[in-house]
Amino acid sequence: MTMLSRSEAEALLKKVLSFSKADEMAATLNGGRTANTRFGVNSANTNGDTDNITLAVNAHFGQRGGVATTNTLDEAGLERVVRAAEEIAKLRPEDPEQMPFLEKQTYQEIKDGFDEATYNADAKMRADGISKTIEPAKAKGLIAAGIFDNQGGFTAQANTRGNFGYTIGSQASYTTTVRTADGQGSGWASAMSHRLRDIEAGAVGARAIEKAEKSQNPVAIEPGKYTVILEPNAVGDLVSNMMFFFGARQADEGRSFLSKRADPKVPGSKGGNMLGEKLFGEEINVYTDPNYPGAPGAPFDGAGLPSRRMDFIKNGVVTNLNYSRFWAKKQGKEPTPFPTNLIIMEGGKSSIDDMIASTERGILVTRLWYIRLVDPQSVLYTGLTRDGTFLIEKGRIKSAIKNFRFNETPVKMLNNVEAMSPLQRITGSERVGDGFPVLAPAIKVREFEFTSLSDAI
Amino acid sequence: MKDMADVALNVARQRGASYADIRISRTMNQFVNTREKIVQNVTNTETYGFGVRVLVDGAWGFSASSKLEKPEIEKVTERAVSIAKANKVIQSRRVELVPVEKYPDAKYSTPVKQDPFTISLSEKADYLLKVNAEAMKIKGPGPMFVNSGMFFTKEEKFFASTEGSYITQTLIRSWPNFNITSVNPITGTFEQRSNLGSPIGKGYEVVAEYDLINEAPRAAEEAVKKHTAKSVEPGRKDLVLHPTHLWLTIHESIGHPTELDRVLGYEANFAGTSFATRDKLGNFQYGSKFVNVKGDKTQMNGLATAGWDDDGVKTTEWDIIKDGVLVSYQTVRDNAAVIGLKRSHGAAYADSWGSVAFQRMPNVSLQPAQGKQNISADDLIADVKDGIYIEGDGSFSIDQQRYNFQFGGQVFWEIKNGKKVGLLRDVAYQSRTPDFWNACDGVGSKEHYGLGGSYFDGKGEPGQINAVSHGCPPARFRQINVINTGRKIK
């Protein structure tokens with residue numbers, strides 16, 4: 001059994017800590033089940049159903065620390081990993097930045113993060129869901145691929161200062177790509193939730209089929225700056241990527257897009273960060289809230305800090321950066337828990353149809369692909385459109401168009417937003433939403449920069 | 001171990017499997033991370049367990065557990081069989097496997113001089129702090145930051161299959177690395193330079209060979225020079241690409257598109273498909289006559305090098321592109337059968353006992369100039385009027401059929417009239433795969449061949465990693481589109 005209850009996890013962690021000879025020790029258990037069924041070319045492909053528990057032990061001797069992990073959890077295995085962490089700590093140099101483990105913390109309960117049926121779902125359930133894409137795809141002469149997965153697990157932390165935390169969560173997702181037999185059309189759709197019952201596999205398949213049919217025989221239009229409607233997965237991918245660079249230390253050290261230049265007229269001026277500065281449009285809000293309905297986070301982060309609602313961008317202003325415990329102490333700030341979910345731009349009322357209807361000439365993007373950082377100074381990203389890109393003229397979709405490569409920075413994008421839809425939970429093109437719920441809207445933005453055409457369909 | 005494996009194979013046979021395999025594996029990683037004068041993090045990880053894969057009535061089933069006990073092996077094997085049976089309703093094509101020889105007692109280990117897990121932590125930490133100190137001696141316009149690290153992996157795995165094979169392997173990989181950042185507080189800008197060496201299938205001896213202590217000051221100087229380097233004028237230019245850079249372009253634009261699972265459509269939902277479709281096999285001019293590319297899971301020091309793949313197929317070397325023409329794909333046992341091949345090239349890999357084996361890239365390498373000697377990057381540069389010489393890998397992105405790509409780098413040298421004249425900044429090049437490789441008009445010789453690679457090549461759903469090397473000489477490409485990536489946001 002790899003899904004431990006609170007009392008089982010607590011007992012196991014107590015036993016681990018009882019082996020400690022270190023000045024102080026912390027231990028974390030992560031366990032559970034992950035299961036999936038993949039399909040390609042309208043047929044079952046690989047699959048998996050795996051049980052595992054991993055134990056990580058962190059031992060401190062003064063300012064020396066060492067971490068060792070194992071998944072061999074018999075008595076000998078537990079003691080071995082404790083000794084291994086202690087051995088590392090003894091052999092390494094001191095780290096003046098190492099912080100002592102946290103005293104006892106109070107954690108909020110995540111009210112609706114785990115669903116038993118999602119944890120238990122079997123291969124038959126997944127195959128039934130997948131058949132709701134494969135059968136209609138086959139009937140239309142289309143070719144489908146995708147994955148249906150479900151998982152559930154727990155995390156428990158304890159340390160020798162008396163802190164303990166436990167949480168459980170589940171997740172299911174279904175994504176599919178449907179292509180035309182001649183390779184001239186391709187559509188993608190996805191759904192993700194902590195509850196399997198929220199995933200309507202037939203509806204997801206139908207959306208991908210519709211996109212595949214509509215995206216056939218794309219025409220080439222010139223790269224350049226366009227008004228663009230980005231569907232929620234595209235928005236969530238770009239903004240989540242940018243949020244990785246919200247670290248306070250990097251900004252304070254001058255190596256982040258959130259660094260502020262020093263004032264040459266002020267002797268000793270070091271610059272600092274852009275906390276409190278308005279860098280984005282007035283309507284832009286990005287925050288984390290572990291108990292946001294439909295996007296359950298965790299009650300604590302990896303360091304054991306209690307999660308809480310925290311704004312990163314409020315009305316376009318940078319309102320919080322991520323302060324590690326060390327950096328917060330050094331800068332005289334409160335440490336910030338690392339977010340366990342992300343709510344991007346709440347409050348939009350427009351539908352994608354509204355956005356299309358209000359667009360004289362623009363482009364509708366289903367999703368972005370292979371998004372990579374080009375320049376950290378401007379958080380310039382490149383990537384491509386994929387699986388459904390359309391030209392809008394005079395308020396209507398005119399035709400499918402060839403995919404584009406973009407080179408764009410979310411900072412500029414978030415100053416050019418003209419409309420937003422209500423939020424949707426995303427999977428992300430490269431699964432940014434896996435284990436980290438992200439809610440994002442579709443948005444309409446002006447002057448989004450496409451730099452070249454792609455022949456890929 | 002054999003008796004444990006036989007439990008799975010026997011249960012699978014009894015439950016009607018036409019094929020079954022079990023992998024019992026232990027994977028150990030060690031990370032040592034530093035910044036400036038501080039060792040930040042030392043972590044040893046270890047994971048142990050087994051995965052059972054069965055083929056029942058033409059459908060795959062896979063299940064895995066960390067509890068290596070006979071009753072658990074039986075339970076997990078039965079679960080794999082039940083998954084295969086449940087999938088029958090969506091099994092439009094029956095999975096068939098090409099034949100494989102049996103290896104009743106096979107063994108392979110990565111040839112290493114020093115097992116990195118036997119070297120003391122203090123030696124590793126001291127070395128990295130010396131690297132940092134050397135970099136920090138260089139004066140820039142403001143603070144200089146250095147992160148350095150070592151990453152080591154040892155995979156011990158035992159594979160057994162109903163074909164009669166029992167294969168024991170130990171695979172070792174090592175990666176010493178650094179990244180330097182020079183800050184100019186007055187302009188509010190920062191510049192970075194990473195080390196040029198890649199992870200490699202060697203032991204701790206690579207630390208001495210890469211000599212990061214010697215590279216660090218040069219790298220720090222280049223990071224500083226980037227502040228005042230000329231911003232590139234975009235347009236079509238000739239490129240000369242060093243092996244420390246070119247490996248990644250090979251990986252993305254030749255390695256991935258020639259994976260047969262992508263070509264057939266099995267990865268369409270995530271990694272994508274491929275422009276290198278089956279109708280192109282044997283007749284498509286992928287590149288110029290200078291472009292000869294081999295797949296090779298036996299390559300010395302390759303990250304993907306092994307004795308056998310995770311289908312139990314003995315690894316091999318073969319041509320993928322010959323004289324510029326696409327001549328074959330990377331394959332595993334099931335997809336080789338789809339296109340009527342007689343055997344697999346042996347490209348199956350699973351990144352852990354808990355992951356199912358599927359097609360992963362072998363080492364894929366561009367061959368040096370045949371029958372010629374001592375052609376260096378400088379020789380290729382000598383015939384360039386207006387171009388850029390690029391060292392080190394940087395930003396990378398490519399579309400889902402592997403046509404349109406964009407690459408950055410670490411160090412960009414402007415070339416004028418056959419000479420390197422100074423550093424450039426804000427450089428990326430963007431091209432279309434067949435156009436790019438057909439624009440290759442020169443490759444270096446074997447004396448200048450180098451091996452780059454990736455520790456963490458991602459593919460599949462759920463995502464798995466694969467370590468893979470790409471060897472190449474320096475090479476020249478004519479009239480490639482260069483773009484300027486500089487942007488102002490404040």
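# Exercises on a predicted two-chain model

In helix α1 of chain A, the residues A:A9, A:L12, A:L13 and A:V16 are buried; a residue counts as buried if 20 or more other C-beta atoms lie within 10 Å of its own, exposed if 12 or fewer, and partly exposed in between, with C-beta atoms placed from the backbone. Before we build on that, a word on the source: this is a predicted model, in which local features need pLDDT of at least 70 and side-chain atom pairs count only at pLDDT 80 or more, while totals for chains, interfaces and linings use all residues. Residues are numbered from 1 along each chain as its sequence is written, and chains are lettered from A and ligands numbered from 1 in the order in which they are written.

## Exercise 1: two helix pairs

Task: describe how α1(B) packs with α2(B), then how α4(A) crosses α5(A).

Solution. 
- Step 1. In chain B, helix α1 (residues 2-14) and helix α2 (residues 70-86) pack at an angle of about 35°, with axes 9 Å apart. Axes are lines fitted to C-alpha atoms, for helices over the stretch in contact, and angles run from 0 to 180 degrees between N-to-C directions.
- Step 2. The crossing of α1(B) and α2(B) is right-handed: a crossing is left-handed if the near helix is turned anticlockwise from the far one by less than a right angle, and right-handed if clockwise.
- Step 3. From α1(B), B:M4, B:V7, B:A8, B:V11 and B:A12 meet B:K70, B:I73, B:E74, B:T77, B:E78 and B:V81 of α2(B). By class, this contact has seven nonpolar, one polar and three charged residues. Ala, Val, Leu, Ile, Met, Phe, Trp, Tyr, Cys and Pro count as nonpolar, Asp, Glu, Lys and Arg as charged, and the others, Gly among them, as polar.
- Step 4. In chain A, the axes of α4 (residues 123-139) and α5 (residues 201-214) come within 8 Å and cross at roughly 30°. The crossing of α4(A) and α5(A) is right-handed.
- Step 5. Residues making the contact include A:G129 and A:I130 of α4(A) and A:G202 and A:G205 of α5(A). By class, the contact of α4(A) with α5(A) has six nonpolar, four polar and one charged residues.

## Exercise 2: where the chains meet

Task: find how many residues of each chain are in contact, and which strand of chain B gives the most.

Solution. 
- Step 1. On the chain B side, 75 residues are in contact with 88 residues of chain A.
- Step 2. Strand β2 (residues 38-56) of chain B gives the most to this side, with 11 residues.
- Step 3. By class, the side of chain B that touches chain A has 32 nonpolar, 34 polar and nine charged residues.
- Step 4. A:L373 lies in strand β12 (residues 361-375) of chain A; leaving aside neighbours within four places in sequence, A:L373 is in contact with A:Y381 and B:S395. A:L373 is partly exposed, with 18 other C-beta atoms within 10 Å.

## Exercise 3: backbone in loops

Task: are A:V379 and B:N417 buried or exposed, and what are their phi values?

Solution. 
- Step 1. Recall the background: most residues other than glycine have a negative phi, and most peptide bonds are trans.
- Step 2. A:V379 has a positive phi of about 40° and lies in the loop between β12 and β13 (380-393) of chain A. With 24 other C-beta atoms within 10 Å, A:V379 is buried.
- Step 3. B:N417 has a positive phi near 50°, in the loop between β19 (411-416) and β20 (419-425) of chain B. B:N417 is exposed because it has 9 other C-beta atoms within 10 Å.
- Step 4. Finish with B:E461 and B:P462, joined by a cis peptide bond with omega about -15°. B:P462 lies in the loop between β23 (450-459) and β24 (464-472) of chain B.

Notes:
Helix = DSSP H or I, 4+ residues; strand = E, 2+ residues; numbered from the N terminus. Contact = placed C-beta atoms within 7 Å.
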